[in-house]
Amino acid sequence: MGCVGSKPEDAVANKGRPGIVEEVAVFVPGLRAPKNVDFVQSLGDRLPKRLVEHLSALRTKIVVMAAQEAPTVAKPRRKTATQHGGSSLADLLQALEDYLPVLLGLAKDGSQLTDKVQFAWANQMDDAEETKMANAWYEVLSVLHLMAMICFSEANLLLLPKVSGDGDHLKEYEESRRTSIDKFLKAAGYLDCAIQHVLPRLPPDLRKELPVDLAEGVLHSLHIQALGQATDYIAQYPLAEGWGGKHHLFIKLKYVEAKAAAYYYHGVLLDEGNTQKSHTAAVAALKAADDFLKESKRASEAFNVLPPTTRNPLPWGSMKYLCEKIPKHVSSKVRINRDLYTQDRILERAPTLPDFPVALKPDEYRLPEVDPSWNYSMWISV
């Protein structure tokens, strides 16, 4: 969705950079994948055998699927399909949803098993950064984070331009955009649940030891990205290192693009007025739109060169329209009003944008009830 995409040959010009550069419409800061855990050793003498096996099977399935999904996320054009016709990302999300209610049996209030299993996860962008914690709420937090990142990945696939010869680009784009909004709101719901209802369950000492992916500030920034809000709010969080810096630049890029769009449409509306003041304000707003559009190109370049190297897809849909329309409209408007307004009479600052309330809200997500297996497995002989 970026206005300008860096060329693949530019990205690989320096020796040592990868030959295939990921195309990014939505930046996903790496999938955190679970590592194998021995439930039998940790819970074998505390729970019925079948329940331990069930818990182990559900998590092992996720370990395998997440490992298989890593290349697909890194190369989004290789969208895989299952034998049933659905996407592998959707199957991984379903596997996580199946696992969560069983996992919550370890984390429920009053459980003596919350700290009996040491759960291990690692970000697939840096497998060396593996984090192990003996706390079931850490596992719940990690599951919710992965569910949100899957939604981000699905949105990225939807928003990459499609190659089609049937002339239905606009219709397809609008359908993809509507679906991507659903993915973002779903991701925001998972993140909101993680922040509001899971993080507080972790002891303060463990919260300090959380990997950067799960730090409260990072979860907030991902939540904001999902809702498409501005970058100002996340500036206070420590996102300067590693993928956090790239994530910060991505949100800044989208923020600047949004400013360009907002000032352009605001200028068009102001120009509908019949007064000299409204026309002057319109020219100032349109010039601000053009400035933000140019800034978005610089932000895009800064985002793409920061490791891991990426490139934005060619603009399409609304951004393609704005990239073409804003420079032409600004040039035309300044030329038309040249005689009426001298340069020093144009406002030095762009007019203030209207203060609109945030219309999008995350889809509400609540942790599921504990799986029924925990109600009878402990006293039925298995």
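This is a predicted model: local features need pLDDT of at least 70, side-chain atom pairs count only at pLDDT 80 or more; totals for chains, interfaces and linings use all residues.
Local features rest on pLDDT of at least 70 and side-chain atom pairs on pLDDT 80 or more, while totals for chains, interfaces and linings use all residues. Residues are numbered from 1 along each chain as its sequence is written, and side-chain values use heavy atoms, without hydrogens and water.

Three strands form an open sheet in the order β2-β3-β4, with antiparallel pairing; strands are DSSP runs (E, at least two residues) numbered from the N terminus, and two of them pair if DSSP finds at least two bridges between them. Because β2 (32-34) and β4 (130-133) each have a single partner strand, they stand at the edges and one side of each lacks a neighbour in the sheet. Neighbouring strands are turned by 25 degrees against each other on average, direction ignored. Strand β3 (residues 119-123) is joined to β4 by 4 bridges, and Phe119 stands opposite Met133 in β4. Helix α5 (residues 136-159; helices are DSSP runs of H or I, at least four residues) packs on the sheet and touches β2, β3 and β4 (contact: heavy atoms within 4.5 Å). The direction of α5 makes about 30 degrees with that of β3 (axes are lines fitted to C-alpha atoms, for helices over the stretch in contact; angles run from 0 to 180 degrees between N-to-C directions).

The whole structure contains 6 aromatic pairs (ring centres of Phe, Tyr or the six-membered ring of Trp within 6.5 Å; planes under 30 degrees apart are stacked, over 60 edge-to-face, the rest tilted). One of them is edge-to-face, because the rings of Phe152 and Phe184 have centres 5.9 Å apart and planes at 85 degrees. Phe152 lies in α5 and Phe184 in helix α6 (residues 169-198), 32 residues apart. Both Phe152 and Phe184 are buried (under 20% relative accessible area; exposed is over 50%, partly exposed in between; 1.4 Å probe, protein chains only).
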